[in-house]
Amino acid sequence: MSHRLVTLNQFVVEGQKDFPCSEGKLTRLLSDIGAAAKVITREVRKAGLVDIIGSHGTTNIQGEDVQKLDIYANQTLISFLRSGGECAVIASEEDDDIIVVEDAYDFTDPKYVVTMDPLDGSSNIDVNASIGTIFSIYKRVSKQGKASREDALQKGSEQVAAGYVIYGSSTMLVLTTGNGVNGFTLDPSIGEFCLSHPNIKMSPEGFIFSVNEQNYHSFDKGVKKFIDYCKDEDADSKRPYRARYIGSLVADFHRNLLKGGIFMYPSTEGAPKGKLRLVYECNPIAFIAEQAGGRATNGTVRVLDIKPTELHQRVPFAVGSENLMDQLNTHLMAWG
Ligand code: P6P
């Protein structure tokens, strides 16, 4: 039986019935993000060619300024969000402070906040490893007038939607609006994100652990003991654990989402508060993980319960399948 092709926009419009008060504004906002992702895909796909037609920061043979891809991704998303009119304020990992979308106020009453990491893992571009765009959507909490920084400093539990785009062997947008997780693969032949992974669930039994063991020496004892547990060669029950680490959060998480596993970026000597950012990376990934049946903590508390105090605040991060999160917690409780 041929499967009905469902595009991202169709899926979100059909999902509007889950939001009784929906006026299509979230639909439009998600459509704007999807459109920006298509444009970013086009540039990412030819990144390898830049050296032929001019390296970053110079002009190419067309005389165009060749921008660093993460700056390009940031400007593309901001442009689509500004013109879409549904976003009151943007907080981007690429910008020091919030971007209040004032011109939207002239013709709409924008209700939403977007926080984003426009292109995470961009250091992997030169080696053609997968990279990603990560985003969260909140309802603004500021009442009237210009949106404020408080709008972007809400707890992750307040997210109305979150997603990421992974620019890998194909471009895929993974999205939750609070009713489960769905994956949409970009079909370049029609230029549409099509539903390819409906109702994604993270296996409650994962066996992949993903951590940069270069930092092992400076991990807390409980983290070391957990890693040793996963690697314990002498275990009577040969544990089928496997180590996988790409060094790109979206790629490492996406693999664990589909196959089960745990990703950790604990605090280290070089990053005592952790490396990953609560607002731009940990909250959206945590929301998706929980919606797929997984869990996400900073080692002690649920990530979505942490109240951000600064836009670029970093936190230690562990996200994954229930069994591995339980094992990590057991070792942290025993060893600290
Ligand atoms: P490390 C990429 O630079 C990034 O921000 C995340 O995507 C990734 O998970 C992490 O840093 C990798 O950091 O220290 O292991 O290279």
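Predicted model: local features only at pLDDT ≥ 70, side-chain atom pairs only at ≥ 80, totals over all residues.
A residue counts as buried here when its relative accessible area is under 20%. Just past the end of H8, Gly 260 takes a positive phi of about 85°.

Next comes the sheet. It is open and built from 8 strands, in the order E2-E1-E3-E4-E5-E6-E7-E8, and the pairing is mixed. Strand E2 (99-100) and strand E8 (192-197) sit at the edges with a single partner strand each, so one side of each has no neighbour in the sheet. Further in, strand E6 (residues 171-176) and strand E7 (residues 181-187) run antiparallel to one another and share 5 bridges. Within that pair, Met 172 stands opposite Thr 185 in E7. Helix H9 packs on the sheet, where it touches E1, E3, E4, E5, E6 and E7, and its direction makes about 80° with that of E4.

Aromatic rings turn up too: a search of the whole structure gives 5 aromatic pairs. One of them joins Tyr 164 and Phe 253; the ring centres are 6.0 Å apart and the planes meet at 85°, so this pair is edge-to-face. Tyr 164 belongs to strand E5 and Phe 253 to helix H8, so the pair ties together parts that lie 89 residues apart in sequence. Both ends are hidden away: Tyr 164 is buried at 0% relative accessible area, and Phe 253 counts as buried at 1%.

Tyr 229 and Tyr 241 make another aromatic pair, this one tilted, with 6.0 Å from centre to centre and 55° between the planes. Tyr 229 is in helix H7 (residues 221-231), while Tyr 241 is in the loop between H7 and strand E10 (242-243), so parts 12 residues apart in sequence are tied together. Elsewhere, a charge meets a ring: the charged end of Lys 225 sits over the ring of Trp 335, 4.4 Å from its centre.

Asn 74, in helix H4 (residues 69-84), counts as buried at 6% relative accessibility. Leaving aside residues up to four places away in sequence, Asn 74 touches Ser 92, Glu 94, Asp 95, Met 116 and Pro 118. Gly 270, in the loop between strand E11 (262-265) and helix H9 (278-291), counts as exposed at 76%.

Notes. Residues numbered from 1 in each chain as written. Heavy atoms only, no water. Helix = DSSP H or I, 4+ residues; strand = E, 2+ residues; numbered from the N terminus. Buried < 20%, exposed > 50% of the residue type's maximum accessible area, 1.4 Å probe, protein only. Contact = heavy atoms within 4.5 Å. Pairing = 2+ DSSP bridges. Axes fitted to C-alpha atoms, helices over the stretch in contact; angles between N-to-C directions. Phe/Tyr/Trp six-rings, centres within 6.5 Å; stacked < 30°, edge-to-face > 60°. Lys NZ or Arg CZ within 6 Å of the ring centre and 35° of its normal.
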